[in-house]
Amino acid sequence: MLPKDMLSLKDFSLEALQEILQRAAYYKKKDGDVFSSLKGKNIAISFWEPSTRTRISFELAVQKLGGRIINFIPELSSEKKGENADDTIKTLQSIGADALVFRHSSPGIFHRVSQFVEIPFISGGEGCYQHPTQALLDIFTLLESGVKLSGLQVVMVGDILHSRVARSHFYAFPVFGANLTLVAPPVLLPLELVPPGVNWSYNLEEVLPSGDIIYLLRVQKERQGKSLIPSLGEYTALYGLNEKRLSLLKEDACLMHPGPVNIGIEISSGVIKTFENVYPDRILFQDQVRNGVYVRMAVLDLLLAGRVI
Ligand code: CP
């Protein structure tokens, strides 16, 4: 039995997550077939923050499953006339939404709202708190690439403090058996944030040689009221993946990034070109994006219909 909502992966057992991943693999294998598990269903997609990958892949997922999209655009909505998010969500349910897919900047809002909606509520990213489908599609991408997750060393580098992707992976990587090490400057990696069993370091060059996966995160300038780091140049000098640091990587290390990538900050354009041209199987950025569609199809299908194919 799956929970009604997907707000945090912690609400899902390993078996439930594996069921979603198996369903995603099925949809990827059968890509191009016509599916109808969301036939007659209305999915409200409402993003209060910018998005390319998550929003479009959820839209495509609904369409591939034969559902209808209620496209809520906050800037064109009655929110501009003073309606609050809670009333907006109740309104979407009353209009006929069968599920809600949301992104919002306020951590905590989804748990509150999910108490008063009866239909499935799926997070597309909640402030700095959680981004469950991103973590799931990352796991899917790794499994698909053939790596063994048990004992895998994942080095996650970047703005941990503001990263909902990191917080979702605090659960996802360990529950699948991978070891996670966080790397960032002290202001972006407060130690009270580091969960038990997760390693950390302030020194990228010390940790890079241990990584099977180097998972890069962008510095979220939009979430730093007053910039916490002295300058992006200094951040890049200490924590950017550049040509000089490539020699520190394991010879089969893979690169991941949830996107959007700030080229020239967390990773140099030279490193991206080298990987794309010389080691294309070891840069997984576009695989992550592609797999987002199938993972979101599986989430929608199982939370709404729960049918056996
Ligand atoms: N990874 C991710 O959430 O990307 P978008 O902001 O483009 O959806």
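Let me start with Asp5. Asp5 is buried, at a relative accessible area of 12%. Keep in mind that this is a predicted model.

Who is the partner of Asp5? Its side chain meets that of Lys4 in a salt bridge, 2.8 Å from N to O. Lys4 is partly exposed, with a relative accessible area of 33%.

How many salt bridges are there? The count comes to twelve. Opposite charges on side chains can pair when the charged atoms come close. I'll take two more pairs.

Next, Glu205 and Lys244. Their side chains form a salt bridge at 3.6 Å, N to O. Where do the two residues sit? Glu205 is in helix H7, residues 204-207, and Lys244 is in helix H9, residues 243-246. So this pair ties together parts that are 39 residues apart in sequence. Glu205 is partly exposed, with a relative accessible area of 34%. Lys244 is exposed, at 58%.

On to Lys250 and Asp212. In this salt bridge the closest N and O atoms are 2.7 Å apart. Both residues are in loops. Lys250 lies in the one between H9 and strand S9, which is 254-256. Asp212 lies in the one between H7 and strand S8, which is 213-216. So the pair links parts that are 38 residues apart in sequence. Buried or exposed? Lys250 is partly exposed, with a relative accessible area of 30%, and Asp212 is buried, at 18%.

Terms used:
Residues numbered from 1 in each chain as written. Predicted model: local features only at pLDDT ≥ 70, side-chain atom pairs only at ≥ 80, totals over all residues. Heavy atoms only, no water. Salt bridge = Lys/Arg side-chain N within 4 Å of Asp/Glu carboxyl O. Buried < 20%, exposed > 50% of the residue type's maximum accessible area, 1.4 Å probe, protein only. Helix = DSSP H or I, 4+ residues; strand = E, 2+ residues; numbered from the N terminus.
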